[in-house]
Amino acid sequence: MKFDIYLNKIFCGDALEILKTLPDEFVDLGITSPPYNKGENKKGWLVKNIKYAGAVDNLPEEEYQRIQVEVLDELYRIIKPGGSFFYNHKLRWERGIMIHPMDWLRKTKWVIRQEIIWDRGIAGNIRGWRFWQVDERIYWLYKPKGNNLIGEELKSKHALLTSIWRLPPETENPHPAPFPIELPTRIIYSLLDDRKGIVIDPYCGSGTTLVAAKLLGHDYIGIDISKEYVLYAEKRLKECEKEKKRVLEELSKHNVKETFRERKEKGKYTGPYAPQKQRGKLF
Ligand SMILES: C[S@@+](CC[C@H](N)C(=O)[O-])C[C@H]1O[C@@H](n2cnc3c(N)ncnc32)[C@H](O)[C@@H]1O
C-alpha cells in the first residue's frame with residue numbers, strides 16, 4: 001500500500017516537525033496526551049512534578065498554545081475527512097487565572113464534537129485552594145466530511161459508555177505520565193469498531209495508544225521526542241500480548257441488551273438519575 005512506509009513505526013523527534021513530513025488525509029484516528037506545560041510550580045503538589053526524559057515542559061504559555069494549535073492543524077491535514085482526534089488535557093491555573101484547553105482548541109480547524117470528563121479518582125495536588133481536581137478532559141475533535149459537521153452515529157454499545165470516564169491512572173508503567181490502556185482501547189474500539197484503520201499518537205510516550213491499536217488489529221504511527229521512551233514503547237509493542245487481558249476487559253464493557261431505538265420505543269430512560277421506579281429497567 002502507498003502509505004506502508006509510515007506504518008507500524010515510532011518516529012523519534014519533534015511532533016510538529018515529523019507531522020509536517022506525513023502525507024495528507026491518510027490516517028483514520030488519532031489520540032494523544034501532549035506535555036501539559038505544567039511549569040515549575042510545586043506548591044501543594046503531593047506527587048513529584050512530572051519531568052520527561054527528552055523535553056522541558058516549561059514554555060511561555062502563549063508559545064505553548066501556539067505550538068499546540070499548529071500540531072492540531074497538522075493532524076487535521078493528515079487525518080481523513082470523517083476522521084477524529086482525541087486530545088487529552090486538563091484545566092490549569094497560573095497565578096490564580098484558569099487556563100482552559102478550549103482557549104486554544106477553538107483556534108484550530110477542528111469541530112469540537114464532545115468534551116469527555118476523565119474522572120481519575122485521585123488528586124495530585126491536595127491543598128484546599130479549590131475542590132480536589134480529580135478530573136482531566138478528553139476532547140473529541142472531528143474533521144467534517146463535506147458540509148456534515150455531525151458525522152456518523154456511534155453504535156449503541158459504544159455510546160452507552162457516557163461522557164464521564166471513570167478510569168484510574170496507570171501505575172504499572174515507568175513513564176512519568178502514561179494513559180491506562182483502557183482509555184485508547186475505548187476510543188479505538190468505539191470509533192473504528194470492526195473496520196481496520198490507521199491510528200496515530202504524536203506524543204506517544206510509552207506507546208499505550210500504539211499497543212491498544214496493535215492489539216485491536218490496526219496499523220499505528222507513533223512520535224515521541226525521547227529516545228528512551230521510543231525504545232521502551234518498541235519493547236512493549238513486541239510483548240503486547242501481555243496486555244491483551246486488560247484490552248479484552250474494556251471491550252466487554254461495550255455491550256447493550258437493547259439499542260437506543262428499542263429503549264426509546266419502550267420509553268426507557270438512559271441514565272442512573274432516572275426516577276426510582278424506572279431505574280431497574282435500565283439496559
Ligand atoms: C503525557 S506524555 C504521553 C504519555 C503517553 N500517553 C503514554 O501512555 O505513555 C507526553 C509525551 O510527549 C513527549 N514530548 C514532549 N515534547 C515533545 C515534542 N516536542 N515532540 C514529541 N514528543 C514530545 C514526552 O517525551 C512524553 O513522552
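1. The scale calls a residue buried at 20 or more other C-beta atoms within 10 Å of its own, exposed at 12 or fewer, and partly exposed in between, with C-beta atoms placed from the backbone. Thr162 is not a glycine, yet its phi is positive, about 70 degrees. The residue sits in the loop between helix 4 (156-159) and strand 8 (164-166). Helices (H or I, at least four residues) and strands (E, at least two) are DSSP runs, numbered from the N terminus.

2. A word on the basis. This is a predicted model, where local features need pLDDT of at least 70 and side-chain atom pairs count only at pLDDT 80 or more, while totals for chains, interfaces and linings use all residues. Residue numbers start from 1 along each chain as its sequence is written.

3. Asn8 also deserves a look. Its phi is positive, about 60 degrees, although Asn8 is not a glycine. Asn8 lies in the segment before strand 1 (9-12). Asn8 counts as partly exposed because it has 15 C-beta neighbours inside 10 Å.

4. Helix 5 (residues 182-192) packs on helix 6 (residues 208-215) at about 45 degrees, with the axes 8 Å apart. Axes are lines fitted to C-alpha atoms, for helices over the stretch in contact, and angles run from 0 to 180 degrees between N-to-C directions. The pair is therefore oblique. That is the class left after roughly parallel (under 35 degrees), roughly antiparallel (over 145) and roughly perpendicular (65 to 115).

5. Which residues of helix 5 and helix 6 make the contact? Helix 5 gives Pro184, Thr185 and Ile188, and helix 6 gives Thr208, Thr209, Ala212 and Ala213. Contact means C-beta atoms, placed from the backbone, within 7 Å. The set divides into four nonpolar, three polar and no charged residues. Here Ala, Val, Leu, Ile, Met, Phe, Trp, Tyr, Cys and Pro are nonpolar, Asp, Glu, Lys and Arg charged, and the others, Gly among them, polar.

6. Helix 6 is largely enclosed by the rest of the structure, because eight of its eight residues are buried. Lys214 is one of the buried residues. The buried residues pack against partners including strand 2 (27-32), strand 9 (198-201) and helix 8 (244-252). Gly217 follows helix 6, with a positive phi near 90 degrees.

7. Last, the ligand. 22 residues surround it, and the closest are Pro178, Tyr203, Gly205, Ser206 and Thr208. Membership needs a C-beta atom, placed from the backbone, within 6 Å. The shell divides into 13 nonpolar, seven polar and two charged residues.

How values were computed
Two residues are in contact if their C-beta atoms, placed from the backbone, lie within 7 Å.
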